[in-house]
Amino acid sequence: MIGRLNHVAIAVKDLAASTALYRDTLGAKVSAPLPQPAHGVTVVFVELPNTKVELLEPLGEASPIAKFLERNADGGIHHICYEVEDILAARDQLKAQGARVLGDGEPKIGAHGKPVLFLHPKDFNGTLVELEQV
Ligand code: CO
């Protein structure tokens, strides 16, 4: 069902410092910061040859990553995103196997303008999993 690893998302407190770390220390190609108010984050895309890393900094009062950063003061891996060809078929298959889909279970338009769903971390080894239809 799942295909390529689309991205690994890392929550950070200081986006400028984290961008510099990836650009200058690790020598990666990084994007300009992209505020995404609808998602409560500002994102920098780190382009790797085979996938992406997304650095997420909280934006606004109700950011979905604010609590995560309270628990993880140094930042940390927030979720991983796998590609699927048909998100509704993937959802229905996962639900039939007992996996919990977060929210109302309907795909939302994600940070890349494509339909996404999130799966409960307790059902996936303590890892928040995002599925993105490509
Ligand atoms: Co993501």
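**Notes on the strands and the cobalt site**

1. Val116 stands opposite Glu132 in β9. The two strands concerned, β8 and β9 (residues 129-133), run antiparallel and are joined by 4 bridges; strands are DSSP runs of E with at least two residues, numbered from the N terminus, and two strands pair if DSSP finds at least two bridges between them.

2. This is a predicted model, in which local features need pLDDT of at least 70 and side-chain atom pairs count only at pLDDT 80 or more, while totals for chains, interfaces and linings use all residues. Residues are numbered from 1 along each chain as its sequence is written, and side-chain values use heavy atoms, with hydrogens and water left out.

3. The cobalt ion is coordinated by His7 (NE2), His79 (NE2) and Glu130 (OE), at 2.0 to 2.1 Å, where donors are N, O and S atoms within 2.8 Å of the metal (3.2 Å for Na, K and Ca); water is not among the atoms, so the site may look incomplete. Along the chain these donors follow the spacing H-x71-H-x50-E. His79 in strand β6 (residues 76-84) and Glu130 in strand β9 lie 51 residues apart, and the pair thus links distant parts of the chain.

4. Are His79 and Glu130 buried or exposed? His79 is buried, with a relative accessible area of 6%, and Glu130 is buried at 5%, where buried means under 20% relative accessible area, exposed over 50%, and partly exposed in between (1.4 Å probe, protein chains only).
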